[in-house]
Amino acid sequence: MSDAPRLDPDMTVLAAETALGLLEGDDLARASRLLLSDAQFAAMVEWWDLQFNDLHGDFADIQAPADVLQAVRSRIAGLDEAVVTPVRSSARQSLLQRVATLAAIALGAVLMLLVGMQLGSRDSGEPTEAAAPAPTPQYFAALDGGETGPSISARIDPESGQLNVRIEGAANQLEAGRAPELWVVPAGGSPQSLGLLPADGSFSRVLGKAEINLIQEGATMAVTFEEVVSAPHPAPTSDIVAAGTIIRV
């Protein structure tokens, strides 16, 4: 088949129905107006005419069995036998069979065309908009050490449990054998250790489920300098050198 003119699916179906002569009433009037005013629609009707003519020639006539008409008559209740006139012309039977065949072909052709148009649009390389993934909430805390204390920032991804910490200015304040220890203090709760940090630089690790449950908006994160050999500690043993509130971003 030759390439069909490009129309939207509704207009394509209307053109096919026009070519088959299936329209009545308002639909027929609309199609007649479009044939006169819309060159694309007229071209589509002509295209369908050509396709149906080609298909028509591919099918041989099939005569219905002789007893079919009699079986139909027997199922029509109350119909006078004299009213039903036997079909005497094999040409008339052939015409009816062709119309039924073409109607079935038309429906299949329309469906095939519409599916082809859909597949063509998918394979055309045109970008399609993908739904933007919902942002995952993150928790962040900036720990202020004042004029002399360390500067620390912490970010936690509650979905993966990833903790990322950046610490600066602690190395020159540490005594031998001590290291910064990070704490989280839930609202109304006691400090819970999240482990030791390096004296300076970046640090990351994956928190356990119990630790993640401690990370809540409004809780406090703090750092103290603790003995390395006995860490992690059940509670701080020295003064807090930096602290900040956890916020959700």
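User: Leaving aside its neighbours within four places in sequence, which residues is Ser193 in contact with?
Analyst: In this predicted model, Ser193 lies in strand β5, residues 192–196. Neighbours within four places in sequence are left aside here. The residues in contact with Ser193 are then Glu181, Leu182, Trp183, Glu211, Pro232 and His233.

User: Is Ser193 buried or exposed?
Analyst: The relative accessible area of Ser193 is 18%. Buried means under 20%, so Ser193 counts as buried.

User: Which residue's side chain is joined to the side chain of Ser193 by a polar contact of 2.6 Å?
Analyst: The side chain of Ser193 also has a polar atom 3.1 Å from the backbone nitrogen of Gly195. The contact of 2.6 Å, however, is between two side chains, and the partner of Ser193 in it is Glu181.

User: How do helices α1 and α2 stand to each other?
Analyst: The axes of α1 (residues 9–20) and α2 (residues 25–37) come within 11 Å and cross at roughly 100°. Met11, Leu14 and Thr18 of α1 make the contact with Asp27, Arg30, Ala31, Leu34 and Leu35 of α2. Angles of 65 to 115 degrees count as roughly perpendicular, and the two helices are therefore roughly perpendicular.

User: Which strands stand at the edges of the open sheet of five strands?
Analyst: The strand order is β6-β3-β2-β1-β9, with antiparallel pairing. β3 (residues 162–168) pairs with β6 over six bridges, and Arg166 stands opposite Ser202 in β6. An edge strand has a single partner, so one side of it is left without a neighbour in the sheet; the strands in that position are β6 and β9.

Definitions and conventions:
Residues are numbered from 1 along each chain as its sequence is written. This is a predicted model: local features need pLDDT of at least 70, side-chain atom pairs count only at pLDDT 80 or more; totals for chains, interfaces and linings use all residues. Side-chain values use heavy atoms; hydrogens and water are left out. Helices (H or I, at least four residues) and strands (E, at least two) are DSSP runs, numbered from the N terminus. Buried means under 20% relative accessible area, exposed over 50%, partly exposed in between (1.4 Å probe, protein chains only). A polar contact is a pair of N or O atoms within 3.5 Å; within protein, one must be able to donate a hydrogen and the other to accept it, and residues adjacent in sequence count only if both atoms are side-chain atoms. Contact means heavy atoms within 4.5 Å. Axes are lines fitted to C-alpha atoms, for helices over the stretch in contact, and angles run from 0 to 180 degrees between N-to-C directions. Angles under 35 degrees count as roughly parallel, over 145 as roughly antiparallel, 65 to 115 as roughly perpendicular and the rest as oblique. Two strands pair if DSSP finds at least two bridges between them.
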